[in-house]
Amino acid sequence: MTPQDRTDPTGPEASEAPVIAVTGASGAVGGQVARRLARAGVPVRLLGRDPSRLPELPGAVAAPPARYGDGEAMRRALAGAHTLFLVSAHESPYRVREHTTAVDAAVAAGVERIVYVSFLGAAPDATFTFARDHWHTEAHIRVAEVRHTFLRDSLYLAGLPAMTGADGVLRGPGGDGRVAAVAHEDIADAATAVLLADTEPDTTCHDGVTYDLTGPEAFTLAEAAEELGRITGRTITYVPETREEAYASRARYGAEDWEVAGWVTSYEAIATGEMSAVSDAVPQLTGHPAMSLATYLREHPDSYRHLLTTD
């Protein structure tokens, strides 16, 4: 495949249908989905702000660079695509506007179907402030003239070791609430099953359906710390914080107020029970059990490497 083929959306894939456009194809979710689709032999359009970072995959081409907030660039990038796998943009005060611009561009480009990566418990009054962004995006997609499916992911399993400091402390205002965190791999497998529904005969239609994608069990942050302790061989503890303590302990990062609010309210949503739901959507869609925290940690030692003690 020549470089021109990789960046020309009217190139070799134009004669094949349906084309699935994957956003965030250089990221953790989008990249895994793109690889699964390529292995399935369907034509894939890879979208990203920097095409040089996109993976080289058989049957895939890189669209011209496009940001969600640039409607004209998104229309060019999506021209001829049948389905859009829309991974949410990086958190920002303008994320809903970026999402709605991307959705409108997709509809204008003739995209017939959008599969959107949302968040568990998305609602206009969700405790987790970023989950509100997802609800507003879903609302916009619902009234657009496009078929759609929403994948509401729980907290990532990868986030639990990442949220634990090198001092072995996982701290936040999560109380005794529970969270059914989910693996990136399970999200990608579920998303791929949904995306392939239009390309394979006798598959289930997912139009208008919302799937909660969770792990197999809901656990407390204290239980997560214990699991991290077992795998690392050191003491890992969970220290519950008040809201005031949580904001104070994160002030040293110098992040903007809206971002710190997102960090803090993600824990508070655990405390309120908004992340405790356990769904069977992953096994239902993929045919295999959802990954547990213990299994995730065994299979991803790099996720907790910063917690390992050295002699």
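Trainee: Which residues are buried in helix 4?

Mentor: First, a caution: this model is predicted. Now the general idea. An α-helix has 3.6 residues a turn, so residues three or four places apart point the same way. In helix 4, the buried residues are R95, H99, T100, A102, V103, A105 and A106.

Trainee: What do the buried residues of helix 4 pack against?

Mentor: Their partners are helix 3 (71-78), strand 4, strand 5 and helix 5.

Trainee: Why is strand 6 described as largely enclosed?

Mentor: Count its buried residues. Strand 6 covers residues 147-153, and six of the seven are buried, so the rest of the structure largely encloses it.

Trainee: Which strands pair with strand 6?

Mentor: Strand 5 (residues 113-119) pairs with strand 6 in the parallel sense, over seven bridges. There, Y116 stands opposite F150. The chain gets from strand 5 to strand 6 through helix 5 (residues 129-143), in a right-handed β-α-β crossover. Strand 9 (residues 210-213) also pairs with strand 6 in the parallel sense, over four bridges. In that pairing, R152 has D212 as its bridge partner.

Trainee: Now charges. How many salt bridges are there?

Mentor: Side chains of opposite charge can pair when their charged atoms come close. The count here is 14 salt bridges. One of them joins D189 and R36, at 2.5 Å from N to O. That pair links distant parts of the chain: D189 lies in helix 7 (residues 184-195) and R36 in helix 2 (residues 28-40), 153 residues apart. R36 is buried at 16% relative accessible area, whereas D189 is partly exposed at 22%.

Trainee: Which residue forms a salt bridge with D198?

Mentor: R147 does, with the closest N and O atoms 3.0 Å apart. D198 is in the loop between helix 7 and strand 9, R147 is in strand 6, and 51 residues separate them. D198 is partly exposed, at 29%. R147 is partly exposed too, at 27%.

Trainee: Which residues are linked in a network of salt bridges?

Mentor: E72, R75 and R76.

How values were computed. Residues are numbered from 1 along each chain as its sequence is written. This is a predicted model: local features need pLDDT of at least 70, side-chain atom pairs count only at pLDDT 80 or more; totals for chains, interfaces and linings use all residues. Side-chain values use heavy atoms; hydrogens and water are left out. Buried means under 20% relative accessible area, exposed over 50%, partly exposed in between (1.4 Å probe, protein chains only). Helices (H or I, at least four residues) and strands (E, at least two) are DSSP runs, numbered from the N terminus. Two strands pair if DSSP finds at least two bridges between them. A crossover is right-handed if, with the strands pointing away from the viewer, the path from the first strand over the helix to the second runs clockwise. Contact means heavy atoms within 4.5 Å. A salt bridge is a side-chain nitrogen of Lys or Arg within 4 Å of a carboxyl oxygen of Asp or Glu.
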